[in-house]
Amino acid sequence: MLLLWIILFGFVSKSIAGKYGIHYLFLAPEYLGTVSFWSYCIMGFAIGGFVMTFNISSYIINSKRFPFIAALKRPFVKFCINNSLLPLIFITYYISHVIHYHLENENTTNIQIAFYVLAILVGYTVNILGSLTYFLSTNKNIFKKLGISASADEDKPINSLFSKQESIYNILKSKTKWHVEIYLHTPFIIKPARNIFHYDKKMLKSVISHNHLNASLFEIVIFVSLIVLGLFSENPIFVIPAGASIILFFTIAFILMSAFYTWLKGWTTIAFIVLFFLFNNLSKNDSFTYSNMAYGLNYTTEKADYSIKNLNQFRNNKSNLSNDKKNALAILENWKKKNNTSLKPKIVFINTSGGGSRSMLWTFYMLQTSDSITNGKLFNQTHLITGSSGGMIGASYFRELILRKDSLKNSIYSTHYLNNVSKDLLNPIAFSIATNDFFFRMKTYQDGKYSYTKDRGYSFERQLIINTDAIFDKRLKDYSQPEYSAEIPIMILSPTVINDGRRLLISSQPISYLTQNSTPSSIRNQAIIENIEFTRLFEKQDASNLKFTSALRMSATFPIIMPRVSLPTEPQITVMDAGMRDNFGKLTTYKYIYTFQDWINENTSGIIIITLRDKQKHLTVNKKSTSSITETFLSPVGSLYENLFPIQDYNLDEMLQYLGNDFTQPIDIIDFELNNSENEISLSWHLTTKEKERVLNSIYSKKNQESLKRLKSLLD
């Protein structure tokens, strides 16, 4: 139980998961899209519920150690007062950090800060007073119990739901009692503990039993409330701040702990270990596991054959290869007609990195700005967009605005769309985790003729569609014709297959040429299969019907926060973030350029590759101090993870050198870097006001200003 408190202290203080911005979910909570009195009031209410459940769980587990409280008036209230030190420290600590956050980061006025603190205290107090009112009206003490049979309460069936009487209330065993001299009668009055030896033991046991029953009923109400909240999760009024959802999840953990401990006592730890291994083994069975799905795919028909033999057949299909190249060349010709000028145009490729909401906002803002200063030439001359995670969502949003620009009320460069792309996506995810994913998945989602279970993946896609004015509610096939006619650039998503590390290439165009590992005749080698074409592998599973938001989600599946997507194959494969293999999509870009090098050399005046990065490319050397034994032991693993993206940069830069040998025209690389050297902007689906400002202000860095000027001159 103390571990949950330690985690909460760690979240608020930034000691735990600070890199991912978890502390901001507590310090700057959002409700209905804004930080407000109500968002802090809900946080206070959630903390109050957490505190009361902590008191109830402590009471159920430990009241047997203090049998004298049964002889007091309002025994549970007295227990709460004497158990209040840790909750008071936390609420004080939390409020102090909220005040400090606003003073240091948001330039909030003192009056507004006081208003927020009042909201926290109001929410906290309402929950505490409401809970205590219930216990004051229902709990019994020895005086109320006089003259009433001790068996009256024990005959109720619900009494055994959370407590097993024979093993819990043996208050006579000295090893379960703690010697108490004094206690807090009120927060400011100390009294000596009452001698209870002259009271009837059965009567004392009945008092404690009755109070435990009321505590259990209270916990049941909280648990039912959780389920009800989950049922109304699509109503924005019920989607509480993400920080409150985390606290709610911990509250349920308290309830489960007290229930298990009440039944099992000293065997609780062993029981948890046994249950862990039991569920772990059961999860290997399809009947006891849960899989997140990609919406729009058919999971009821025959599974796709994911075998080396079948993948080789796709790769070696010469007819597909020939037809797909002809299709790609037709698109290039359409692009050429679109950019018909007296001089050969530059062909533009855009690569964008992952990085949650910070990358999504940075990518969108840079595309919006650079397209504006080039008078629309940037996207006119852009042929292909690749990348991963949040960056691809930002690029997809701008591409969709370009496609709809004639029917939009606002200019595509309007701040309205900038505000849309920076809206919160984390609250519905966290809320779904707390109320649905880890307990009961009761709701289903009907997409055409297919049905899926709702989870945090569904919540993410739904919120993304809401945030972007519903223009993302499209299928993969909806982009086939606009891409073919070069109205918009081709977009290729490339989530990573967890089973074997291969890349799953998702595009509305047939792209089998990107799955080929063709080598010169002088090289004798059995090339491995690295890239898999999504639409051909899942042709019988209605691949083109895939919701585009599901394709984006597969490319942006950050572990734990987002569910891994299982696909209808035999054996079953799951996919996650594209950044695991190629954070910028440059593998796809370079292979595409290499495949059509002859056409590019003949029909363009050169290549521009724009890289939108959520971090600097040229990192400073990390000066390590003397490491501890533990750090020395773990450093190889930690170093590999920390340097995952720099390693990709090293490899991709080297590949670019070899690619340049095949071109007579120049290849210009233009980097736009988010100013995030100290990880001030969290890797999350939620951005604070200050973080949004840091993202947007990054455009004014000397390097980014030089890159803008260079891009403009290349396109002029």
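Modeller: Phe115 counts as partly exposed, because its relative accessibility is 38% (buried is under 20% relative accessible area, exposed over 50%, partly exposed in between; 1.4 Å probe, protein chains only). This is a predicted model: local features need pLDDT of at least 70, side-chain atom pairs need 80 or more, and totals for chains, interfaces and linings use all residues. Residues are numbered from 1 along each chain as its sequence is written, and side-chain values use heavy atoms, without hydrogens or water.

Phe115 is found in helix α6 (helices are DSSP runs of H or I with at least four residues, strands runs of E with at least two, numbered from the N terminus). Helix α6 spans residues 110-138 and gives the most to the patch, with four residues.

Now from that ring to ring pairs. The whole structure holds 37 aromatic pairs (Phe, Tyr or Trp six-membered ring centres within 6.5 Å; planes under 30 degrees apart stacked, over 60 edge-to-face, the rest tilted). Trp5 and Phe90 are one of these pairs, edge-to-face at 5.6 Å centre to centre and 70° between the planes. Trp5 belongs to helix α1 (residues 2-13) and Phe90 to helix α5 (residues 85-106), so this contact ties together parts that are 85 residues apart in sequence. Trp5 and Phe90 are both buried. Ring pairs also link them into a cluster with Phe9, Phe50, Phe54, Tyr93, Tyr94 and Phe254.

Tyr592 and Phe596 make a tilted pair, because their planes meet at 50° with the centres 5.0 Å apart. Tyr592 and Phe596 are buried too. Tyr592 sits in helix α23, where Lys586, Leu587, Thr588, Thr589, Tyr590 and Ile593 are also buried. Helix α23 covers residues 586-595, and seven of its ten residues are buried. Lys586 has a ring contact of its own: it lies over the face of Phe584, 5.7 Å from the ring centre (NZ of Lys or CZ of Arg within 6 Å of the centre and within 35 degrees of the ring normal). Lys474 does likewise with Tyr479, its charged end 4.6 Å from the ring centre.

Next, charge against charge. The structure has 20 salt bridges (a Lys or Arg side-chain nitrogen within 4 Å of an Asp or Glu carboxyl oxygen). Arg358 and Asp614 form one, with the closest N and O atoms 2.7 Å apart. Arg358 is in helix α14 (residues 356-373) and Asp614 in the loop between β16 (607-613) and α25 (629-642), so the bridge ties together parts 256 residues apart in sequence. Arg358 counts as buried at 4% relative accessibility, and Asp614 counts as buried at 8%.

Glu673 and Lys703 meet in another salt bridge, 3.1 Å from N to O. Glu673 lies in strand β17 (residues 667-673) and Lys703 in helix α28 (residues 702-715), 30 residues apart. Glu673 is buried at 9% relative accessible area, whereas Lys703 is partly exposed at 34%. Asp716 bridges to Lys712 at 3.6 Å between the closest N and O atoms. Asp716 is exposed at 61% relative accessibility, and Lys712 is partly exposed at 33%. Shared partners also join Glu234, Lys454 and Arg462 into one salt-bridge network.

Last, the strands. All six residues of strand β6 (residues 382-387) are buried, so β6 is largely enclosed by the rest of the structure. Strand β5 (residues 347-352) runs parallel to β6, joined by five bridges (strands pair if DSSP finds at least two bridges between them). Val348 stands opposite Thr382 there. Strand β9 (residues 490-492) also pairs with β6 in the parallel sense, over three bridges. Leu384 has Ile490 as its bridge partner in β9. Strands β1 (residues 182-186) and β2 (residues 189-192) run antiparallel, with four bridges. A hairpin of two residues joins β1 to β2, and Tyr183 stands opposite Lys191.
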